[in-house]
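Hello,

Here is the structure I promised to pass on to you. Please open it next to this email, and I will walk you through what turned up.

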Amino acid sequence: MKAQYYSCLLLLFIFLSCQKQNKTSIGNKFLVTISDSLMDQPTDGRMLLMFSKDSAAEPRFQINEGVNTQQIFGVNVEDLETGGTVSIGDGIFGYPINDLSKLESGDYYVQALFHVYETFKLSTGQTVKLPMDNGEGQKWNSSPGNLYSEPVKITFEKNSGTEYKITIDKIIPPIPEPEDTEWIKHVKLKSEKLSEFWGRDIYLGAHILLPKGFEEHPEANYPLMIFHGHFPSNFGGWRTTPPDPNLEPDYSERFHVEGYNKIQQQEAYDFYKRWNEPDFPRFIVIEIQHPTPYYDDSYAVNSASQGPYGDAITYELIPYIEEQFRGIGEGWSRFLYGGSTGGWEALAVQVMYPDEYNGCFAACPDPIDFRAYCLANIYEDDNVYYYDGNFQNLEKPMYRNYLGDINSTIRRSNHFELALGDKSRSGQQWDIWEATYSPQDEDGYPKRLYDKLTGKINPDVAQFWKENYDLRHILERDWDKLGDKLKGKIHIYCGDMDNYYLNNAVYLMEDFLESTTNPYYDGEVDYGDRAEHCWNGDHDNPNHISRLRYNSMYVPKIMKRIEESAPAGADLKSWRYK
């Protein structure tokens, strides 16, 4: 009897434990419904659900890679019907907390956003579903046509089995096109090359700054300065009037500078005045718009998953602009410059089209040697996210300040992207590198260099990157063919405390360039002491000033290059009005 009594007690204990476990494991669920009036046909996309503890801004504007990010979850949706509902519960991937079941109880402002995907039938035979840029430069939280809800405040009870209902009833409106002015013109050109690849009309655009005297000197033909960088909504850093005296000063968190908006307006106006000075050389300056369904720009090269953007820009857009605005139209008269993404593009385009351009000025370029893919060596490391030890792994940082203080890691940054979209569809930095550098997978999307969850590297994809997009490797491999074409054209600048550790790849590139012979590269690599991203070669001014002077600071070096390299009989006078 005694044994039987204890057996019953044991069974009762197990039963109660199971009951308690079942009670605490009941998951919560969010049912997101799209209003009937917002869609007229079944639609694909990514449903995003965001939580914030801060009411200062909508949750969709508080999601980022930093320590103070708010929370986001994302799930793919196919053929969502008008008025359809999407369920988001336990098991849906999130960032920085990876599962809804781990979200703590409390009060939150909650918002849902449906990132709309469109269908592309590629010339390679695959069909892919991707977010089309709609004039905003691939910003998921502000892309016209995306659908969203107003933030609502809820009291969230962890593992309570509660169903929360969210209604999406708003659509992000279109962005008006910029208008032409006396100085700034805008062009859009349908690219036949890209339209064929994507299976629909694809357009390239540019904002064009005309030189002083353009209308008064119809006999003049001009050199072309091509400013590469992220998607420009209009020509940046240009202002024909003094700073607004009524402008309320703001504070730059990045540079820790009061009244940075006033500084920007003053620098833009100073550039306008410099542009009009009698001794200033007359150029055409352009900023290119070339967003793709993967990012706010294409990286300006041909790639397996994005198509022939390099050829389209170099052989379609650039000649069209030169024809319309009296460019000289020869390789010796074209110059490339930019910072960060634009720095990589300037150097890559110069390397891949050596005869079509006469110099690149690459500031703080994205990794130009994949042995220093930020803090990963993709050829020797097993994992992008961790340093491997015998008994533990250490996460690799992604972002630091000039003192070395860390704000994020490579793993966190990639998990942020994975919550926004799988298959390289986040529209963010690591995914565009894959969309540009990787071979195309069987499903039409880019092959992963590494597992997005774990960071484990695929060495076959790494080799593809090396042979096609590792700029240091390509230069070293092909210097016997490229050296004479690139002599005097390569100029690279980087802060030695670049926030993203981009200086490490520049060191490796410099090692190769300084070793070149037959010919010696005869260019420039320079570093800013304790300078952060995006130092561009100015030793006299702080970074927050020099970054506003790209359009004028390289002109003396371009003039020197023209004097040294222009072919016999080249037009060196009409565009100087002499």
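By salt bridge I mean a side-chain nitrogen of Lys or Arg within 4 Å of a carboxyl oxygen of Asp or Glu. Both residues belong to helix α9 (residues 471-486), four residues apart, about one turn of the helix. Arg 472 is buried, with a relative accessible area of 7%, whereas Glu 476 counts as partly exposed at 43%. Here buried means under 20% relative accessible area, exposed over 50% and partly exposed in between, with a 1.4 Å probe and protein chains only. Helices (H or I, at least four residues) and strands (E, at least two) are DSSP runs, numbered from the N terminus.

A word on where this comes from: the model is predicted, so local features need pLDDT of at least 70 and side-chain atom pairs count only at pLDDT 80 or more, while totals for chains, interfaces and linings use all residues. Residues are numbered from 1 along each chain as its sequence is written, and side-chain values use heavy atoms, with hydrogens and water left out.

The structure holds 31 salt bridges. One of them joins the side chains of Asp 201 and Lys 190, at 3.1 Å from N to O. Asp 201 sits in the loop between α2 (192-198) and β13 (203-209) and Lys 190 in strand β12, so this pair ties together parts that are 11 residues apart in sequence. Asp 201 is partly exposed at 42% relative accessible area, and Lys 190 also counts as partly exposed, at 32%.

Helix α3 (residues 260-275) holds both Lys 273 and Asp 270, three residues apart, about one turn of the helix. Their closest N and O atoms are 3.6 Å apart, in a salt bridge. Lys 273 is partly exposed, with a relative accessible area of 39%, and Asp 270 is partly exposed at 29%. There is also a network of salt bridges that links Glu 417, Asp 431, Glu 434, Arg 448 and Lys 452.

The open sheet

Which strands make up the open sheet, and in what order? There are eight, in the order β12-β13-β17-β14-β20-β21-β26-β27, with mixed pairing. Two strands pair if DSSP finds at least two bridges between them. At the edges stand β12 (184-190) and β27 (524-528), each with a single partner strand, so one side of each is left without a neighbour in the sheet. Neighbouring strands are turned by 20 degrees against each other on average, direction ignored.

Please have a look at β14 (224-228). Five of its five residues are buried, so β14 is largely enclosed by the rest of the structure. Both of its faces are covered, with Leu 224, Ile 226 and His 228 buried on one side and Met 225 and Phe 227 buried on the other. In a regular strand the side chains alternate between the two faces of the sheet.

β14 pairs in the parallel sense with β20 over five bridges, and Phe 227 stands opposite Tyr 337 in β20. With strand β17 (residues 284-289), β14 pairs in the parallel sense over four bridges; there, Leu 224 has Ile 284 as its bridge partner. Strand β20 (residues 334-339) in turn pairs with strand β21 (residues 360-363), again parallel, over four bridges. Leu 336 has its bridge partner, Cys 360, in β21.

Helix α13 (residues 555-565) lies across β14, β20, β21, β26 (490-495) and β27, and runs at about 150 degrees to β20. Axes are lines fitted to C-alpha atoms, for helices over the stretch in contact, and angles run from 0 to 180 degrees between N-to-C directions.

The cores

The largest nonpolar core has 120 residues, and Trp 198, Leu 347 and Leu 475 have the most contacts inside it. Such a core is a set of buried Ala, Val, Leu, Ile, Met, Phe, Trp, Tyr and Cys residues joined through side-chain atoms within 4.5 Å. A second, separate core of 27 residues includes Val 75, Ile 88, Phe 114 and Ile 166. Leaving aside residues up to four places away in sequence, Trp 198 touches Phe 120, Leu 130 and Tyr 309, among others; contact means heavy atoms within 4.5 Å.

Best wishes
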